[in-house]
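Please read them with the model open.

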Amino acid sequence: MAATVEEPEASTISYPLDVHYCGVCSFPVEYCEFGADYDKCKEWLKSNLPGVHDAMMEKLNNQLQSVDFADNKKRQTRGGKAIRNKKKASGPKQITIALAQRSKKKYVTIVIGLKTFEIDLKKASKYFAQTFSCGSSVTGDDEIVIQGDVTDDFIDVIQKKWPEIDDDSITDLGEQKR
């Protein structure tokens with residue numbers, strides 16, 4: 001069960017190791033690029049350890065030359081489809097309010113169409129729950145269910161919170177079957 005470990009040639013590594021630490025970030029100089037002040041670290045390295053700085057810059061230039069940037073710009077190399085902007089719904093901006101009976105004496109108010117006014121449904125649902133002191137949830141793609149009959153106060157509250165919604169864009173369907 002013991003794993004064999006390949007050891008590098010003894011001639012390439014000389015002990016004791018000579019590790020240089022940066023005077024700015026206190027990391028080993030090989031890790032300065034991951035610190036917050038890489039530019040300051042480079043200047044410190046250039047002034048205090050010019051031989052190490054030149055060797056690091058030469059190694060970095062060799063790595064950059066081996067990478068071909070032209071092919072990466074032409075097309076997507078990995079992953080799914082590119083992100084495309086969604087087209088906004090250009091339908092009529094209309095909010096529909098309906099009252100549905102849940103049990104004999106219990107009702108829920110159903111609000112449909114807030115998304116056409118680009119209103120975040122989750123935030124709106126939370127606002128309605130706090131305003132009417134009841135439960136409220138997002139149930140469909142563009143539907144909020146508020147527990148209780150709040151149709152009378154709803155129009156005033158929604159126009160107070162979102163002034164871009166006027167009376168003409170709100171339709172009350174009354175009592176509906178669910």
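1. A residue counts as buried when its relative accessible area is under 20%, and as exposed when it is over 50%. The model is predicted. By that cut-off Phe-128 is buried, because its relative accessible area is 0%. Trp-162, with 13%, is buried as well.

2. Phe-128 and Trp-162 form an edge-to-face aromatic pair, with 6.0 Å centre to centre and 75° between the planes. Phe-128 belongs to helix H4 (residues 121-132) and Trp-162 to the loop between H5 and E5, so the pair ties together parts that are 34 residues apart in sequence.

3. Tyr-31 is partly exposed, with a relative accessible area of 49%, whereas Phe-34 counts as exposed at 62%.

4. On the surface there is a patch of negative charge, in which Asp-149, Asp-152, Asp-153, Asp-156, Asp-166, Asp-167, Asp-168, Asp-172 and Glu-175 gather. Helix H5 (151-161) and strand E5 (170-176) are the elements that give two or more residues to this patch. H5 gives the most, with 3 residues.

5. Asp-172, a member of the negative patch, lies in strand E5. Its relative accessible area is 44%, so Asp-172 is partly exposed.

Conventions
Residues numbered from 1 in each chain as written. Predicted model: local features only at pLDDT ≥ 70, side-chain atom pairs only at ≥ 80, totals over all residues. Heavy atoms only, no water. Patch = residues over 30% accessible without salt bridge, like charges linked within 9 Å, V, L, I, M, F, W, Y side chains within 5 Å. Areas by Shrake-Rupley, 256 points an atom, 1.4 Å probe, with all protein chains shown as cover. Salt bridge = Lys/Arg side-chain N within 4 Å of Asp/Glu carboxyl O. Lys, Arg positive; Asp, Glu negative; His and termini not counted. Charge placed at Lys NZ, Arg CZ, Asp CG, Glu CD. Helix = DSSP H or I, 4+ residues; strand = E, 2+ residues; numbered from the N terminus. Buried < 20%, exposed > 50% of the residue type's maximum accessible area, 1.4 Å probe, protein only. Phe/Tyr/Trp six-rings, centres within 6.5 Å; stacked < 30°, edge-to-face > 60°.
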